[in-house]
Amino acid sequence: TRIDILGSNYWMKEAWNKTLKPNLTVLARGILDITAKNIRGAFDLGTCHGISKPEWDLLSFHRSAIEPHEQDHLGNAFDPVIDACRDSLEWLMAHHVATARAVVTEWLSTPVPLLRRIAVHCLRIDSGISADRKIRKVVASNLLANINLHHELYLLLSDVYPAASNDERKAFLDHANELERANERGAKAEDKDIYSHSLFNLLSW
């Protein structure tokens, strides 16, 4: 089972880059709403067919990174929708920061993995929020618990952890340790090694 969209990937990218993206001054909020609705719809459809859930989502799995990334060079049919959603929220972050932050806060708690990843990406690029506050948002939103988010989350942490206060670093590490222990307690015997190395992978990123 796969989720696809109507239309040509090539022509959708052409339309986005040459016609829509240059007019984000007028279109950003509308495009954000339309693309987010389609991403939610795809997740809901995937849930009905057993290929999507908050912990793992097929569309998210096929997207290596929310930011432009060499591993996504082949692309898939849904990439233009993801790119348009990201670019619209980035534009709002630069020009209407209160609106963008409200969206990020909402999406950090959504069950839709792609929207959470876009939210984490835009939280990382928000230069008006301190490192300590970003660390607190990671902990409060329990972002470490979702493997779908790890690429964007590790980029965020690599930026903010060195600049965070000692108290926030300790609180974050305590949270990560507790999460790792909880995962190990609930894991099947054959999966325990995965969780025993998760904190090491986080710290070595």
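**Figure 1. Burial and overall make-up of the protein chain.** In this predicted model, buried residues account for 42% of the 205 residues in the protein chain. The protein chain contains 11 helices and two strands, and the order of these elements along the sequence is α-α-β-β-α-α-α-α-α-α-α-α-α. Of the contacts between residues at least 6 apart in sequence, 65% join residues at least 24 apart. The protein chain exposes about 11100 Å², and 55% of this area is supplied by carbon and sulfur atoms.

**Figure 2. The largest nonpolar core.** This core comprises 51 residues. Within the core, the residues that touch the most other members are I39, L89, V104 and W107. Two or more residues are contributed by each of α2, α3 (58-61), α4, α5, α6, α7, α8 and α9 (166-186). For L89, the contacts beyond neighbours within four places in sequence are L32, A100, V103, V104, W107, I118 and C122.

**Figure 3. The buried face of helix α5.** Helix α5 spans residues 97-107, and its residues A100, V103, V104 and W107 are buried. These buried residues line one face of the helix, because they fall within an arc of 100° when α5 is seen down its axis. The packing partners of the buried residues of α5 are α2 (24-48), α4 (79-95) and α6 (113-125). V104 and W107 are also among the residues that touch the most other members of the largest nonpolar core, and both are in contact with L89.

Figure 4. S60 is located in helix α3. Its relative accessibility is 3%, so S60 counts as buried, the cut-off being under 20%. When neighbours within four places in sequence are left aside, S60 is in contact with P113, L114, R117 and N148.

Figure 5. L20 belongs to helix α1, which covers residues 9-20. With a relative accessibility of 33%, L20 counts as partly exposed. Beyond residues up to four places away in sequence, L20 touches A15, L27 and I31. The C-alpha atoms of L20 and A84 are separated by 8.9 Å, although these two residues are 64 residues apart along the chain.

**Figure 6. The aromatic pair of Y10 and W11.** The structure holds three aromatic pairs, one of which is formed by Y10 and W11. A pair of aromatic rings is described by the distance of the centres and the angle of the planes. For Y10 and W11, the centres are 4.9 Å apart and the angle between the planes is 80°. This pair counts as edge-to-face because its angle is over 60 degrees. W11 has a relative accessibility of 58% and therefore counts as exposed, the cut-off being over 50%.

**Figure 7. R169 and the ring of Y161.** The charged end of R169 sits over the ring of Y161. The distance from this charged end to the centre of the ring is 5.1 Å.

**Figure 8. Backbone of N142 in a loop.** N142 lies in the loop that runs between α7 (131-140) and α8 (150-160). Its phi is near 55°, a positive value in a residue other than glycine. N142 has a relative accessibility of 34% and so counts as partly exposed.

Terms used: Residues numbered from 1 in each chain as written. Predicted model: local features only at pLDDT ≥ 70, side-chain atom pairs only at ≥ 80, totals over all residues. Heavy atoms only, no water. Buried < 20%, exposed > 50% of the residue type's maximum accessible area, 1.4 Å probe, protein only. Helix = DSSP H or I, 4+ residues; strand = E, 2+ residues; numbered from the N terminus. Arc of directions from axis to C-beta. Contact = heavy atoms within 4.5 Å. Phe/Tyr/Trp six-rings, centres within 6.5 Å; stacked < 30°, edge-to-face > 60°. Lys NZ or Arg CZ within 6 Å of the ring centre and 35° of its normal. Core = buried A, V, L, I, M, F, W, Y, C linked by side-chain atoms within 4.5 Å. Areas by Shrake-Rupley, 256 points an atom, 1.4 Å probe, with all protein chains shown as cover.
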